[in-house]
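Please consult the sequence and the structure while reading.

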Amino acid sequence: MINFKDYKEDHLSMSFISERMREEIKIEEFFTLLEWQLAYKALKIFNFRKLQETEESVEVYAQKVLDVTGLLRKTDKPITYFVRIYLNLGSKLLTIKNKLESEAKKHLALLEELLVHYNSLPFIIKYNQEPSTPRNNEERKYLTFYRRTLAKKEEIISYLLNGILHRAYEKATPGLPLEIDERFKHFREQMDKASDFPYMEFKFGIGYEYHLNLDKLDYRRINPLLNKLNWLENIVKIPMHYTATINEGFERRINPLSFFQEIIKKLGNLPVIRERGEIFEEMSFLMVEKKWYSLFALALPQVEGIFTEVLNMIAKKPNKGSLTEKVSTIRDYYEFAHYTFDYYEFTLADLRNSFSHTGKIENPKHQCYHLLLDIDYLLDICLDLDAPISKVSKIITEGHTQFKHIGDFANFLNLLLVIEKDGKYNVIKSQADFFVYTAILKNINVKKMLDNLEKDFLSSVVNFNKNLHMLMRQGIDEADFILFDSPIREIKPKLKLIENAFNSIPILVNEDLKVLLDTNTFLQNFINFFPKTPKPTRIRIEKFMTSHQSVLKIVYYLTEQIKLEIPDNFLLFTRKLQHHL
């Protein structure tokens with residue numbers, strides 16, 4: 001209980017009192033209690049001995065508290081102003097809550113309707129009676145989308161039970177009116193929508209919008225065009241199906257020779273997959289000659305082949321499963337897979353199965369254009385997968401001009417170390433060698449960079465020693481402990497203190513730590529990966545390592561003994577470093 005005198009005499013802040021009052025009231029009580037009842041519960045934090053649970057008594061004591069503000073003395077609505085100011089409660093709380101609830105229930109009704117359909121499917125009926133493994137791609141599709149719908153339904157129900165009151169209270173909280181530029185009004189509305197209904201998802205494609213993503217819940221809404229948006233002309237709304245106009249647009253925009261030249265160029269940037277170059281040259285010939293059935297028969301297995309090779313490239317164990325299983329596995333490596341991979345996993349897999357069994361397709365010319373764009377999209381995303389080999393391939397594709405500082409070199413080498421540890425280095429070796437020997441070492445004066453890096457390195461050693469010493473002074477008795485001047489035997493018993501110092505105020509040490517860690521990574525690994533580096537550069541690296549052997553030994557020891565989070569590259573731009581390229 002708080003002594004009201006302490007608040008009245010300004011020993012306690014208004015924000016502190018307001019927070020304590022709100023803590024006394026459960027979120028659901030904001031929606032069930034009357035205004036004066038809310039005020040009564042809030043006022044109970046003070047030592048008001050004569051406060052009674054009546055509206056008249058609450059009015060008296062609410063005015064006492066308002067008087068402290070000096071702004072609302074003798075108001076005709078003390079309880080109303082009290083709950084607005086101290087409980088931060090807006091006047092439209094119930095209206096907002098009811099509106100949110102109504103919309104959420106509409107969304108729930110859409111899912112209930114969808115579940116009626118799923119519960120009419122023989123496989124789902126059987127599955128609900130006795131869970132079993134799907135026997136084919138169709139049953140796997142039904143089960144995948146059925147489970148997603150059930151999960152989304154639970155998400156909405158959870159929001160209705162647990163989250164909607166908090167959101168309504170938040171929206172009803174009075175605040176300063178914001179004038180929003182007309183250009184950003186839609187953006188703000190969509191941000192509010194995402195907060196109002198947190199189970200909604202960002203809409204893929206055109207514009208900025210959140211929605212209940214039924215495309216991900218209803219297998220009948222799998223959209224074959226989401227991976228072809230760059231090839232669609234003059235669209236305001238994403239179409240759900242191919243049309244004559246869309247097919248004509250594909251034919252008009254895709255020139256066989258230039259299209260396949262670009263495809264073969266993309267293949268050259270991708271390890272393993274680039275070995276399919278001859279196949280794509282044959283496909284180019286078939287397209288020019290308008291051999292549609294032959295082109296389709298050759299192009300269709302390329303989709304599964306690309307998925308197979310990508311999977312073997314990034315996964316530790318080869319995958320010999322179906323196209324559906326391969327696509328499902330790769331989902332984890334691609335950020336936007338939930339938008340476009342349903343098409344590959346189910347629709348395209350069905351097309352493959354149908355063609356392999358019947359040898360026939362409808363509209364072979366149009367199907368060829370669709371399939372080629374499916375392949376083009378796959379080759380594009382290969383560089384965006386969350387896998388070390390893909391990341392290295394993307395770095396190589398972007399070129400040596402992306403290397404601006406030691407952090408870029410260290411990032412490249414750290415990725416190679418992970419690939420080597422996974423036993424996959426032979427996949428990327430020739431590509432990495434060619435890039436470093438013909439692009440990096442021919443266009444970047446690494447020797448000069450090391451000359452300037454050494455100055456930055458020495459500066460970081462001094463700064464790091466000083467700042468770490470300051471952070472550690474309260475933790476140890478030896479006030480003269482300097483990390484990089486100490487032998488390992490003295491550092492070892494202080495490892496925990498050093499780690500705590502790193503974590504206490506990381507901003508003080510992160511910039512210098514970044515320089516030290518990245519320099520160490522470069523010096524320890526560059527020659528190991530690229531032994532044909534020109535002799536002058538190798539000599540300069542060896543000289544750097546020899547000159548700072550004791551410091552590098554400590555940096556290496558710390559990385560082995562302490563879990564150090566390597567800071568982001570942006571830290572290397574926060575101050576002027578002499579080695580910047």
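## Two loop residues with positive phi

Lys 290 is located in the loop that separates helix H13 (277-288) from helix H14 (292-314); helices (H or I, at least four residues) are DSSP runs, numbered from the N terminus. Although Lys 290 is not a glycine, its phi is positive, at about 60 degrees. Lys 290 counts as exposed because its relative accessibility is 57%; exposed means over 50% relative accessible area, buried under 20%, and partly exposed in between (1.4 Å probe, protein chains only).

Asn 363 occupies the loop between helix H16 (337-358) and helix H17 (364-381). Asn 363 is not a glycine either, yet it has a positive phi of about 50 degrees. With a relative accessibility of 52%, Asn 363 counts as exposed.

Phe 184 belongs to the loop between helix H9 (137-172) and helix H10 (185-196). Its relative accessible area is 45%, so Phe 184 is partly exposed.

## A buried asparagine

Asn 525 is part of helix H24 (residues 510-529). Asn 525 is buried, because its relative accessible area is 14%. Leaving aside residues up to four places away in sequence, Asn 525 touches Leu 413 and Leu 417; contact means heavy atoms within 4.5 Å.

## Basis of the values

The model is predicted: local features need pLDDT of at least 70, side-chain atom pairs count only at pLDDT 80 or more, and totals for chains, interfaces and linings use all residues. Residues are numbered from 1 along each chain as its sequence is written, and side-chain values use heavy atoms, with hydrogens and water left out.
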